[in-house]
Amino acid sequence: MTVIDPERPAGWVADGEADAPGAAPAEEQEEMPLSLRLSIADTLTLGNATCGFMAVYFTTTGILIPHLTGSEETGMARHSAATAVILMLCAAIFDLFDGLVARKLRSSPMGAELDNLSDLISFGLAPAYFVLVYGMVADDAHQRVSAVAAIVVLLAVVMRLARFSVVTMKDGMFQGMPSPFGALTVVSIVLLELPFIPTLLAIVGTAWLMVSRVEYPKPRGALAVAMLSWIVAAMGLLAAWAFDAPGGQLLLQTGCALQVVLGAVIPLFATARRVNTFRDNRRESREARAAQLP
């Protein structure tokens, strides 16, 4: 998530910045509105959007078009499906690092808007389209029902991003499953190749978690390192599956199952933490009332 540096006033220029070799004069710098200057964090955010768009491209050209044209490469083509999901994973990496860079350096005033729009492409449109194509190419799927499930995923991400912009949460926590985590959970459910009804229910359940009030920790510090490691490992599993490596199918299904289990278990931990907090508050309240009695 990109943030704006509140301590850097508009039009501020660092010492020596205007005199640096190749730098534009101060008058020319002032002519460009601050809102149009992209920062490093904003560039990472645009990389996020690019990966999301390319995921849609590979899903279309490698899976949907061969199926519609009746070519030999039908169904969920391994290479294209793996490439599309790897691109979503790359988008998640960009999304992780743009927030870290923005906190360390700065972002432009339009950084937050760029971040939401990029997330909508990579973690809303791309996984929803993946579900839609799954409903068109899978043997036991129902196209119209899958289209409804895809719309549910897309609208869940839209609502989640809109709520994130207006709801203030306590530091270090998200309300609802983060959209990158939700997108990867959705595509993991599809790649598990379960029967249609369980797949549909799991996808709708993930969409509900994204708009729920369940709290999820923000990826910072050790958690950010763990998330990055998991994303890199997932890329390796997808590559092994795409190139039909020995045990690649089993490794991919294991990774997808772990992703789905994490999506289901984290809310349980959050609920248990809330219950324990509620009990502790009640106990402290009773002890305080007991201490006030004569």
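The dialogue below covers helix pairs, then a cavity and a pocket.

Q: What should I know before I start?
A: This is a predicted model: local features need pLDDT of at least 70, side-chain atom pairs count only at pLDDT 80 or more, and totals for chains, interfaces and linings use all residues. Residues are numbered from 1 along each chain as its sequence is written, and side-chain values use heavy atoms, with hydrogens and water left out.

Q: How are two packed helices described?
A: By the angle between their axes and the distance between the axes. Axes are lines fitted to C-alpha atoms, for helices over the stretch in contact, and angles run from 0 to 180 degrees between N-to-C directions. Helices (H or I, at least four residues) and strands (E, at least two) are DSSP runs, numbered from the N terminus.

Q: At what angle do α6 and α7 pack?
A: Helix α6 (residues 179-191) and helix α7 (residues 196-211) pack at about 175°. Their axes lie 9 Å apart. That angle makes α6 roughly antiparallel to α7. The cut-offs: under 35 degrees is roughly parallel, over 145 roughly antiparallel, 65 to 115 roughly perpendicular, and the rest oblique.

Q: Which residues make the contact of α6 with α7?
A: Contact means heavy atoms within 4.5 Å. On α6 the residues are Ser179, Gly182, Thr185, Val186, Ile189 and Val190. α7 brings Thr199, Ala202, Ile203, Thr206 and Met210. By class, 6 are nonpolar, 5 polar and none charged. Here Ala, Val, Leu, Ile, Met, Phe, Trp, Tyr, Cys and Pro count as nonpolar, Asp, Glu, Lys and Arg as charged, and the others, Gly among them, as polar.

Q: How do α3 and α4 pack?
A: The angle is about 160°, with the axes of α3 and α4 11 Å apart. So α3 is roughly antiparallel to α4. The crossing of α3 and α4 is left-handed. A crossing is left-handed if the near helix is turned anticlockwise from the far one by less than a right angle, and right-handed if clockwise. The contact includes Met88 and Asp95 of α3, and Asp119 and Phe123 of α4. It divides into 10 nonpolar, 1 polar and 4 charged residues.

Q: And how do α3 and α6 pack?
A: At about 165°, with axes 10 Å apart. Therefore α3 is roughly antiparallel to α6. This crossing is left-handed. Val85, Met88, Leu89, Ala92 and Asp95 of α3 meet Pro180, Leu184, Val187 and Leu191 of α6. The contact has 8 nonpolar, no polar and 1 charged residues.

Q: How do I tell a cavity from a pocket?
A: On a 1 Å grid over the protein atoms alone, a cavity is a set of points where a 1.4 Å probe fits but cannot get out, and a pocket is an open set with protein on both sides within 12 Å along at least five of seven lines; lining residues have an atom within 4 Å of a point. Grid points are joined across faces, edges and corners, and a volume is the space filled by probe spheres set on the points.

Q: How many cavities of 30 Å³ or more does the structure hold?
A: It holds 1. The largest cavity has about 150 Å³ of space. Its lining has 15 residues, with Val85, Ser188, Ala234, Leu238 and Cys256 nearest the centre. α8 gives the most to this lining, 5 residues.

Q: What volume does the largest pocket have?
A: About 780 Å³. Of its 34 lining residues, Phe174, Pro178, Pro217, Pro219 and Met227 lie nearest the centre. α3 supplies the largest share, 7 residues. The lining of the largest pocket divides into 22 nonpolar, 4 polar and 8 charged.
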